[in-house]
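Reader: I'd like to learn how to read a few features from a model. Could you take me through some of them, one at a time?

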2 protein chains.
Amino acid sequence: MSIAPLRIAIAGLGTVGAGVIRLLETNRDLIAARAGRPIEVTAVSARDRAKDRGVDISPFAWEDDMTALAARNDVDVVVELVGGADGPALALSRAALKGGKGLVTANKAMVAHHGLALAEAAEAAGVALKFEAAVAGGIPVVKGIREGTSANALTKVYGILNGTCNYILSEMEETGADFAETLIEAQKLGYAEADPSFDIDGIDAAHKLAILAAIGFGARIDFDAVRVNGIRQVRAADIAQADALGFVIRLIGEADVEEGEGGPCLLQRVRPCLVAKNHPLAPVDGPTNAVVAEGNFSGRLLFQGAGAGDGPTASAVVADLIDIARSEVSAPFSIPVARLAALPPAEPGHRTERTYIRFTVNDRPGVLAEITAAMRDADVSIESLIQHGRSREGGEVLVAMVTHEGPERCVTRALELLEGSDSLTDPPLVLPILS
Amino acid sequence: MSIAPLRIAIAGLGTVGAGVIRLLETNRDLIAARAGRPIEVTAVSARDRAKDRGVDISPFAWEDDMTALAARNDVDVVVELVGGADGPALALSRAALKGGKGLVTANKAMVAHHGLALAEAAEAAGVALKFEAAVAGGIPVVKGIREGTSANALTKVYGILNGTCNYILSEMEETGADFAETLIEAQKLGYAEADPSFDIDGIDAAHKLAILAAIGFGARIDFDAVRVNGIRQVRAADIAQADALGFVIRLIGEADVEEGEGGPCLLQRVRPCLVAKNHPLAPVDGPTNAVVAEGNFSGRLLFQGAGAGDGPTASAVVADLIDIARSEVSAPFSIPVARLAALPPAEPGHRTERTYIRFTVNDRPGVLAEITAAMRDADVSIESLIQHGRSREGGEVLVAMVTHEGPERCVTRALELLEGSDSLTDPPLVLPILS
């Protein structure tokens with residue numbers, strides 16, 4: 001084959017960067033066959049040149065300043081694996097696109113915050129911007145929604161988008177342990193970072209959801225509009241209670257469009273939900289991710305696989321490179337940025353759902369009456385209520401209830417009525433039941 | 001937008017053809033936005049022009065002879081929805097590609113039998129040949145494997161590829177009814193055809209598997225090498241027995257490549273299997289399809305959704321059209337036909353698996369001894385054995401066993417030893433346990 005290779009530069013040589021180099025080496029021949037030409041690394045940049053990464057980087061040119069990769073004339077595509085929404089990753093990405101080079105990135109924070117500006121730059125330069133690895137690791141779900149469901153108006157996109165949270169929740173389910181100790185265990189095993197807040201507070205899932213929502217609904221990315229609840233408040237007792245009711249607890253990101261008074265609005269939220277055990281997302285455990293897209297013709301489609309890890313993430317990065325080598329370069333967000341709709345955030349108060357609510361209360365007379373009165377006054381209809389026996393650590397008792405289907409604003413109102421009550425020892429935990 | 005529309009002709013106006021017209025009408029604006037230009041039907045052909053299909057075909061030119069669609073100069077892409085491996089569908093497809101038009105087809109039989117010749121014609125003419133709708137209905141699994149896993153050497157592709165069989169098996173599970181009556185019910189509900197043999201004998205699943213195997217393993221399609229067992233022999237008692245052991249029964253198509261003495265060999269087979277209830281394929285019920293692809297970097301990926309129906313199939317057809325409108329036209333089987341490997345069929349006798357074997361025997365002394373002696377003589381190690389009580393219809397009794405993991409050839413040998421025995425009232429049913 002005498003066709004010119006696709007020449008790439010890699011910025012960032014952590015586990016994913018090393019994984020990309022290893023993948024390109026291991027699967028060299030089949031990649032060249034599928035891409036129609038070889039894909040060759042020409043230059044790399046990282047913080048420490050000498051570090052042992054298990055791969056040989058000596059054949060590649062080295063740049064101390066990663067932005068210099070964008071200026072090299074032996075590079076067609078820059079692969080950005082540095083991370084961080086701003087800073088060097090963004091500077092490099094801008095420089096690469098401006099310089100007429102394609103860009104492949106695994107950086108969900110950067111795409112969620114600056115994806116539209118980068119896509120505009122890519123469209124202006126007529127080059128590719130691809131970010132399959134930014135959402136759900138090795139699962140080709142950006143492609144699945146951008147191209148697989150392209151004939152459909154989507155009614156809903158939702159799924160399990162954060163492997164750390166899913167690992168913690170399914171471990172808690174398995175072991176009966178509480179959140180704090182499971183998190184420590186997850187950190188020991190490498191499933192959670194030393195600073196886990198981006199994951200467990202739902203930010204990482206929100207980044208991914210905002211990207212999928214933009215592609216799925218033809219909307220401008222609006223990360224700030226994502227309503228986010230993390231999983232810190234979920235206790236072992238909640239998981240046990242959910243189990244007894246026929247549910248598991250999963251952190252779910254979901255997005256849909258509703259017709260508001262002034263036109264369509266976009267609802268995006270990330271929150272732990274009760275998921276019925278016969279729902280396709282319920283058996284998704286450990287660090288696995290899964291995304292459901294519901295189209296008006298396709299019906300419900302499920303994409304599932306490894307949500308993180310160097311191998312799966314490298315698989316997604318190189319799939320993007322193969323697409324670029326095949327000259328498959330259309331609008332990064334499926335339709336050109338200029339034609340994406342600016343959808344205002346939807347206000348979900350009128351939406352109806354069943355809800356699990358757990359209170360931690362002082363064990364004294366009248367508490368149940370106080371809670372149930374608030375529910376009554378806010379028009380929340382209780383389907384079932386369980387009061388657990390006194391916990392070992394003092395006078396705290398758990399009261400869990402499941403509501404009948406009703407407007408979300410009624411539950412919000414009930415909790416407002418209870419705000420400041422000295423019967424409650426902690427803020428109540430509200431978990432919607434995924435329908 | 002002043003860009004020229006992509007002009008298509010549709011051959012075959014059954015439920016899928018009408019579905020494509022309805023989809024293009026319903027989602028017209030978003031399709032134009034995503035495709036970068038409108039997609040317009042210019043001409044159609046079917047058997048009966050007057051038939052009411054619930055869509056208005058009067059705006060389109062009509063051809064009595066569908067092959068004439070390929071000669072029209074107001075057509076860029078022909079959509080073939082006629083069906084049948086040969087005959088008019090093949091004639092039209094050849095004429096379209098030869099005439100420099102793109103071809104989109106939902107015809108799994110034609111692609112399984114003639115896909116390579118058609119792909120060669122498409123490559124020679126520099127036009128698109130796409131067949132997402134031919135495999136697993138609305139699930140973008142051709143794209144998922146061709147593009148989503150393109151960076152990987154696949155270790156295995158397998159899944160539930162026939163909605164009729166999956167509906168029947170999961171209904172039998174649900175109702176406890178036997179195969180024959182469940183088939184009649186499925187026919188009444190439209191889940192099985194009047195002549196169901198293509199589905200229930202596994203041929204349809206084999207067509208789809210052969211297509212996926214070619215794309216996944218870079219191999220020339222070899223439909224004739226698929227080893228096929230259908231589901232006619234599966235009884236209610238087998239499903240009950242599987243359930244008691246922690247399994248469900250699903251018709252599984254699976255393909256992999258093994259290193260033989262003379263080089264790599266391709267194993268393709270379709271057979272009912274016992275699937276552990278915690279396997280991701282076990283909860284796939286009704287007419288749903290699901291495909292698993294295991295890559296050397298991606299790990300296990302699952303694609304799941306509606307395996308048939310006019311909406312999902314139309315969704316896949318139009319997704320192909322949008323790709324073509326976006327000028328995404330690379331090799332139909334991922335790599336050019338000339339570079340696909342001709343892989344000889346693998347001989348699986350040395351492979352090891354656990355197996356469920358059910359015998360129907362005459363209820364008389366010595367039968368169990370005869371069966372267990374054959375197992376011993378063929379080196380099959382029995383993990384568990386259950387003899388059911390006498391059935392109501394005479395002297396027939398079921399004996400079910402699960403073997404320890406062992407070479408397939410030993411089970412084959414054991415059954416050969418029992419061949420012709422007048423203790424057996426029916427050929428034994430052998431169901432591998434999916435690992």
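This is a predicted model: local features need pLDDT of at least 70, side-chain atom pairs count only at pLDDT 80 or more; totals for chains, interfaces and linings use all residues.

Reader: Which residues does the UniProt annotation "binding site" cover?

Author: Such annotations may be inferred rather than shown by experiment; positions follow the numbering used here and feature names are shortened. In this unreviewed entry, the record covers Ala11(A), Gly12(A), Leu13(A), Gly14(A), Thr15(A), Val16(A), Gly17(A) and Ala18(A).

Reader: Where do Ala11(A) and Ala18(A) sit?

Author: Helices (H or I, at least four residues) and strands (E, at least two) are DSSP runs, numbered from the N terminus. Ala11(A) belongs to strand S1 (residues 6–11) of chain A, and Ala18(A) to helix H1 (residues 15–26) of chain A.

Reader: Is Ala11(A) buried or exposed?

Author: Buried means under 20% relative accessible area, exposed over 50%, and partly exposed in between (1.4 Å probe, protein chains only). Ala11(A) has 0% relative accessibility, so it counts as buried. Ala18(A) is buried too, at 4%. For contacts (heavy atoms within 4.5 Å), leaving out residues up to four places away in sequence, Ala18(A) touches Leu13(A), Arg53(A) and Val55(A). With the same exclusion, the partners of Ala11(A) include Ser45(A), Met66(A) and Glu80(A).

Reader: Glu80(A) again: which residue stands opposite it in S5(A)?

Author: Thr105(A) does. Two strands pair if DSSP finds at least two bridges between them; strand S4 (residues 77–80) of chain A and S5(A) pair in the parallel sense over four bridges. Between them the chain crosses through helix H3 (residues 87–98) of chain A, and this β-α-β crossover is right-handed. That is, with the strands pointing away from the viewer, the path from the first strand over the helix to the second runs clockwise.

Reader: How many bridges join S5(A) and strand S6 (residues 129–130) of chain A?

Author: Two, again in the parallel sense, with Val104(A) opposite Lys130(A). The crossover from S5(A) to S6(A) goes through helix H4 (residues 108–125) of chain A and is right-handed.

Reader: And what about the faces of S5(A)?

Author: In a regular strand the side chains alternate between the two faces of the sheet. Strand S5 (residues 102–105) of chain A has both faces covered: Gly102(A) and Val104(A) on one side, Leu103(A) and Thr105(A) on the other, are all buried.

Reader: How many salt bridges does the rule find across the interface of chain A and chain B?

Author: The rule asks for a side-chain nitrogen of Lys or Arg within 4 Å of a carboxyl oxygen of Asp or Glu. It finds two; one of them links Glu147(B) with Lys143(A), the closest N and O atoms being 2.7 Å apart. The contact takes 48 residues from chain A and 48 residues from chain B.

Reader: Last one: what is phi of Ser327(A) near?

Author: Most residues other than glycine have a negative phi. Phi of Ser327(A) is near 65°, a positive value, and Ser327(A) is exposed at 53% relative accessibility. Ala136(B) also has a positive phi, near 60°, but Ala136(B) is buried, at 0%.

Technical notes
Residues are numbered from 1 along each chain as its sequence is written. Chains are lettered from A and ligands numbered from 1 in the order in which they are written. Side-chain values use heavy atoms; hydrogens and water are left out.
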